[in-house]
Every structure is written in structure tokens, then in C-alpha cells.
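Please view the structure first, and then follow the points below.

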Amino acid sequence: MKKKMVAVLLTLALTGSLMSGCGNAAEEGTDTTGNESQGEENAAGQEEREETGTGEQGREGEEEEEEDLAEITVSFWSLATVPQEVDLVEEAINEITEPEIGVTVNLNIMDVGSYIPNGAMANGVANGEDFDLVCTAAALSGHYSVMMSNGMLLPMSDLLKEYAPELLDTVSEDFLGATTKNGEIYAVPSYSNKIKNMYWLCRTEVLEQAGIDISTVTDVEALEEALVKIKEKCPDYIPLGGASTSIQIHYPSFDVFSGKEQAAWDALGDGTAVAAAVYYDDETLTAVSQYETEGCKKGYQTVKKWYDMGLIDKDIATDTATSDPLLDKENIASAFAVGQFDVVGTKCLASDSQSVLFAEAVIDTSVMQQFTWAIPVSCDEPEAAASFLNMLYTDERIVNLVDFGIEGKHWERKEDGTIGFPDGVTAENSGYYLGNLTAIVGNGFLAYPWEGADPNSAAMGKEAMENATYSPLLGFCLDTEALGDIYAGLCTIAHTVQEGALSD
């Protein structure tokens, strides 16, 4: 590491100066004029400096202490812009990590488009760049299953046992089972509420103008009626928005076009091609191609019909945005969102919209693998990475620094128990704002609730997890290693099908 090399060179240079300094001190101590008082004063001063640690030996000790620090780069993405004051947050983090675990942390926060669709993190790991601890992406080349199958992740079981035992006591076996292969842990899923229900969000202003009671929009037929009303009553708005990768009308595991109010199938841990499906109502649990199912076909046919009716954003087929459509475009009236109730609540607050539950989730391996933390093969300080990973899952100070930045500067506590921007600070001018990453960064249950969310959202999320429906195939992971180029081709076809469904 560069820092260690500098420390070694400084120590060598310092040793040389000490050796030459000894000779000078001896000469001063035997003053040629016969005056020994100067030598005595020098000796007393040297003794005082040694006692107070202010002499060369004190400085050498400081250099040795600095040399003992391991330096790691922690990589993840921002759902907002890449923040400008990362260095301030790094300083605050290192005030904790350096004395407590001997680790200096550098935050490598990237644009979500570069990190996920463009595969910058995965490519960097493959090229041996400075990636020591990474959050795996929700899809594509940086997804956990792809990176693990391609041999890009280090086995972590022994590292976690030695350097992160508190993490192992915190994260349940249900979570770790989804990222374990042949008895070896290769990543740690983010520890948070994994119940990602499907919601339909619509701007409050639009609902009022169109005379729509959102509580009645709970199925596809009612939704179509609502979209038609919006088109008629609010001509300045596009009724339904999204992107080719985020319209989420046939989001993995949901089958709302077949009238199912709960997730219908397990994607077997695949978050990229999403080709395989095992339907829960099939007692044989036989894997089929989800693109050949009637629910999938009906879904694409309906979306194409809505597109032709002018109910859907015409740019949706080519728009690859991964953020919130209601915030991205002011003329979008409604959109789908798949996520935890508190995350959706924050989206509604930010866009002055309301939400209605469209379908309930089932927790499966795909959800567990969507956001994980792993030590890639490019890491040259795995022990330090594991030590910091332990803090990401057990230390409230670290979790909230990474999530929100510095208290008093980037956020402040509110009277209702939540946190939010200080006066004069907004998402646009804050030096450190990442969007809502509490479900992604380490232990989300340690994150403070953001303004607009329920102050007890963490406790509510834990309770919801305890009462959630779990897939009978939880822990089963599709191993793509043997598929090679075939799997890569399926990924390309999957995205082509999704984009082409609106234009064919």
C-alpha cells in the first residue's frame, strides 16, 4: 500500500538522522572550551523529549503506529449525485476505525449508472484495481451470483469467524444461507427488512384532479381505469412512467396479471437474466422458463396495449434510469415501486404522492442476494476489510456516518425521533446525500429513520421479517459457472425482450 511505503521510507530517513544526530550530541556534550553545562542542558532536554515523546523517538513511534494501519477502499453507489464532501465523512469514520481496529477507510462512492449498468465495479475487480470491500449490484455483471460464479469473490467464513464474530451473531442463518456455497460464505446480505412489496404510487395532485380514490386501485383492471382517467383529466401528465429496467409491472416473482395478490414464483437466486421460475403453487417445484408462462405473456401484452393507448411514457423502452420516475420527470403522474414500506413512504414524501399495496412479497434467495457485501479477489487487506465489515453490521456510529454523513452538517435530529436535513440544506446542496441507502448499507436496522418515515420503522421491519412468508427454496442459488456464455446470452436476451415488448 502507498501509505505503508511512505511510512517505511520516513522511518529509514529518520533512523539516518538519529545516527548523525548522536554524533553531534556527543560533540556538544564535550564542549571544546571545557564548558560542560551546554552538554548537561542538551542531555536534560533529550531526557525530557524522550519522556514527553516529542523527540525523534516520539516521532518514530508515531510513524510506526501509522505503519501499522491497514488501508482499504470501500465501494458502493449513490442513488442521488456523487457527494462532494466524502473526505469529511472519511475523516469522521477514521477517527473511529483507526484507534479501534487499526484500519483507514477510503470511500469510493460511484454513480449508480456506472456501478450497475456499466459494470464499473465488476470490471475494476476483474482488472485488479483498488477494490477491497464492495457492495454487489442488484443485477448484471456486479450481481453476487455472477461475481461468485466467475471466481471474483474471496471465501469469507474463516475471516468472519476471526475478525467479525459479532457480525455472525447478528445476521441470521436465513440470510447467510443465500450466499453460502459448499459450506463457504462468499458474501453477507445487507441486514434489513427484505419484504419488498409491489406498490403503485400516484401524485396527490393528480389523484385529486382525476377524482381517484387510490385505495380502490388494487388490481390491473382498476389500474387501467385509473390511468385512462388521468389521461383524460390531467392531459399535462403522462399517466404511467418508469424505465426499461424499472417499470416493474412484471417484476421478478410477481404475477399480478394472473390476479395473484402475492409473489407467485421463485427466481432461484437469479437477479440478471431472471429466466428460471419455480411457481409456489406447483407441488413438484419444477423450474420453468418464466418467459413462456401465461402470466408473463399477458403482462407484456397488457403493457404494450397501454403503451399504444398513450398511457405509458413513450421513452420508457430506451430509458435505462434506475431511480424514482416521479422525481426524475415532473410530468410523470404515477409509477410502480417495489420495496420496503418505509422506503416507499420516503419516496411518497419526496414526490408528494400516495401509494397503494398492489401485491405482497415472498422472501426468496433473489431478495437476499440483491444487495450483499463481499471481499473481492482484488483486495490486498482482507483482514482489515473483514474488521470494517464487522463494524458495518454492528456499530451504529459507522452505519449512520456512511448512510447520512455528519450530524449537524449533513443531517440533524428531529423532534419526532427521525432525522432530516438541517435548515438551509437540501438534497441538491448537501455535501453528502446518497438517497435512501438504509436497506443496502450493512445493518439497516441500526440506521436512523429519515424524516417522513415512522420513527419505529426499524422495530416494525424486524417484526415484519419475523412474520413474513419465506420461499420453500430459500437458500437455493442458481450456479451459473457451468453455463458460461449461455448465461451471458440469456442476460442479453432478457433485457432485449423487456425493451422490445413495448416497441414490437
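Not counting residues up to four places away in sequence, S253 touches A263, A264, W265 and D364, where contact means heavy atoms within 4.5 Å. This is a predicted model, in which local features need pLDDT of at least 70 and side-chain atom pairs count only at pLDDT 80 or more, while totals for chains, interfaces and linings use all residues. Residues are numbered from 1 along each chain as its sequence is written, and side-chain values use heavy atoms, with hydrogens and water left out.

**Around S253**
- S253 sits in the loop between β8 (238–240) and β9 (265–266), the strands being DSSP runs (E) of at least two residues, numbered from the N terminus.
- S253 counts as buried because its relative accessibility is 8%, and buried means under 20% relative accessible area with a 1.4 Å probe, protein chains only.
- A polar atom of the S253 side chain lies 3.0 Å from the backbone oxygen of W265.
- The side chains of S253 and D364 are joined by a polar contact of 3.2 Å (a pair of N or O atoms within 3.5 Å; within protein, one must be able to donate a hydrogen and the other to accept it, and residues adjacent in sequence count only if both atoms are side-chain atoms).

**Confidence**
- The mean pLDDT of the protein is 83, and 78% of its residues reach 70 or more, pLDDT being the predictor's confidence in each residue, from 0 to 100.
- Over residues 1–55 the pLDDT is below 50, although this stretch has 35 contacts in the model beyond near neighbours in sequence.
- Where pLDDT is low, the predicted coordinates should not be read in detail.

Note on methods
Helices (H or I, at least four residues) and strands (E, at least two) are DSSP runs, numbered from the N terminus. Buried means under 20% relative accessible area, exposed over 50%, partly exposed in between (1.4 Å probe, protein chains only).
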